[in-house]
Amino acid sequence: ALPICTEVKLSPLTSKEIQAFKRAKENEVQNWISTGTVSKILRSKLAPEQILRCRWILVWKPLEEKSESKETSQFKSEKLKTHKPKARLVVLGYLDPNLTEVPRDSPTLGRQSKMLLLQLISSKGWSLGSFDIKAAFLQGKPQKDRVIGLEPVPELATKMGLRPEEICRLAKSAYGLIDAPFLWFQALREELL
C-alpha cells in the first residue's frame, strides 16, 4: 500500500526544514521552466476568466533507506533523516472556464488487462520493471486551440523576471488541469509509437 501523504504547513517546521522546502520549490519552478510549460504574457492580452490561480502542495516523501548516508543525515532535522520535502505547483483546474469542453479521457490499465499482462509476462519468462517519470504532466503535449494564463506564485514570478503587468501563459499541461492526463498520454503514445 502507498503511504498517505498529508499536506505540510510551514509554521511548525524548523528553519532547516523550511529551507529544504524552499529548495524543493526552486526545483519545481525549474522543472516548469526547463520543460517549457510557461512563458511570459501581458495580463491585458487575456480575459480575466482565462487566468487561473495556482498554489503549492507541500508533502513529506519517505526516503528509500539505501539512498540515505550517515554523513548527510547528521546535520539534518529528525524528519529530514527519513523524508524528503516535495513541492508541487498545482493549477486550480476547477476554475477553468472550459472545464466541460476539454478532452479528459486517458486510458488506464484495468484489473483484467493487468492480470492478462502479468500472465503474458510470466508465460514468456520476461522481466517486469517499473519507473517514475519526473514531472510527467509537465512533459505532456502542448495546449492546442486554447490560451490559459496563470497567476504565478512569487517563486515563479521571480525566477521568470515577471513585471507586474506580466503573468504566465501555460504552453503545456500542468498538474491540476483537467486535461493533464490526456495530454501526457498523447505525448507518451506518440513517443512509444
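Contact means heavy atoms within 4.5 Å. The model described here is predicted; local features need pLDDT of at least 70, side-chain atom pairs count only at pLDDT 80 or more, and totals for chains, interfaces and linings use all residues. Residues are numbered from 1 along each chain as its sequence is written, and side-chain values use heavy atoms, with hydrogens and water left out.

S173 sits in the loop between β6 and α6 (180-192). Helices (H or I, at least four residues) and strands (E, at least two) are DSSP runs, numbered from the N terminus. The relative accessibility of S173 is 0%, so this residue counts as buried (under 20% relative accessible area; exposed is over 50%, partly exposed in between; 1.4 Å probe, protein chains only). Leaving aside residues up to four places away in sequence, S173 touches T37, F137, L138, K141, Q143, D179, A180 and L183.

Strand β6 also belongs to a sheet. The sheet is open and has four strands, in the order β1-β6-β5-β2, with mixed pairing. β1 (38-42) and β2 (51-52) are the edge strands; each has a single partner strand, so one side of each lacks a neighbour in the sheet. Two strands pair if DSSP finds at least two bridges between them. β5 (residues 148-150) and β6 (residues 166-170) pair in the antiparallel sense, over three bridges. Opposite I148 stands L170 in β6.

E101 lies in another loop, between β4 (83-91) and α4 (111-124). Its relative accessibility is 55%, so E101 counts as exposed. The side chains of E101 and T100 are joined by a polar contact of 2.7 Å. Such a contact is a pair of N or O atoms within 3.5 Å; within protein, one must be able to donate a hydrogen and the other to accept it, and residues adjacent in sequence count only if both atoms are side-chain atoms.
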